[in-house]
Amino acid sequence: MKKNSKASQKPVSTIIGADTIIGGSITTENSIRIDGSVVGGLTSKGTVILAPTGKVTGNIVADYLVVAGTIEGDMWIKERAEFENTANINGDITTTRLIIDEDAQFHGMSIMAREVDAPELSGSMDVQDAASTEAPAGEEPTEDKDMEIKSVTDLEMAGTADQEEKGNTEESMD
């Protein structure tokens, strides 16, 4: 990552480690650094920093974006986006300023606008809403400690297995 980047406007308050995969939408008021993987939408009122080992499969809405990793999704960046030499982007971007290193890979369309009208990402949840989410009355929150996810494929397979199990349960009730 370039040290002289002016993109970091708010402090990094969230770091997703290289060995971490998060499935679902993320919303943050500050900047976020991703060394691992996010499968879902990402909204930040600060800077999204995607390290060389980082990957986002989903759409991104942010004030600033610095990419050295991989993005598979569309981006709406209100101020400035930088694609560094190791960046691999597959998606469209709408932004006011775009810097692409000559070795970066960008497969998509860029829309340069004076003002970016970013969409609300579906499935995103405010931090306060997420904090207030509780288990139904009389039930304990569930944790699946036996499940080990090693890759995005494992995460997708886990979702498929859950759907199949629900289908089998519904069939046995008939």
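1. Start with Val38, which stands opposite Val56 of β7 in this predicted model. The strands to look at here are β5 (residues 37-39) and β7 (residues 55-57), which pair in the parallel sense over 3 bridges.

2. Now step back to the sheet around them. β5 and β7 belong to an open sheet of 6 strands, paired in parallel and ordered β2-β5-β7-β9-β11-β14. At its edges lie β2 (21-23) and β14 (105-107), each of which pairs on one side only. On average, neighbouring strands in this sheet are turned by 5 degrees against each other, direction ignored.

3. Next, the charged side chains: the count comes to 5 salt bridges. One of them joins Glu72 and Lys55, with 3.6 Å between the closest N and O atoms. This pair links distant parts of the chain, since Glu72 sits in strand β9 (residues 70-72) and Lys55 in strand β7, 17 residues apart. Glu72 is partly exposed at 36% relative accessible area, and Lys55 is partly exposed at 27%.

4. Another salt bridge runs between Arg97 and Glu79, whose closest N and O atoms are 3.5 Å apart. Here too distant parts of the chain are linked: Arg97 is in the loop between β12 (93-95) and β13 (98-100), while Glu79 is in strand β10 (residues 75-83), 18 residues away. Arg97 counts as partly exposed, at 43% relative accessibility, and Glu79 is partly exposed as well, at 33%.

5. Finally, have a look at Arg33 and Asp35, whose side chains meet in a salt bridge at 3.1 Å, N to O. Arg33 is partly exposed at 29% relative accessibility. Asp35, with a relative accessible area of 15%, counts as buried because that value is under 20%.

Definitions and conventions:
Residues numbered from 1 in each chain as written. Predicted model: local features only at pLDDT ≥ 70, side-chain atom pairs only at ≥ 80, totals over all residues. Heavy atoms only, no water. Pairing = 2+ DSSP bridges. Helix = DSSP H or I, 4+ residues; strand = E, 2+ residues; numbered from the N terminus. Axes fitted to C-alpha atoms, helices over the stretch in contact; angles between N-to-C directions. Salt bridge = Lys/Arg side-chain N within 4 Å of Asp/Glu carboxyl O. Buried < 20%, exposed > 50% of the residue type's maximum accessible area, 1.4 Å probe, protein only.
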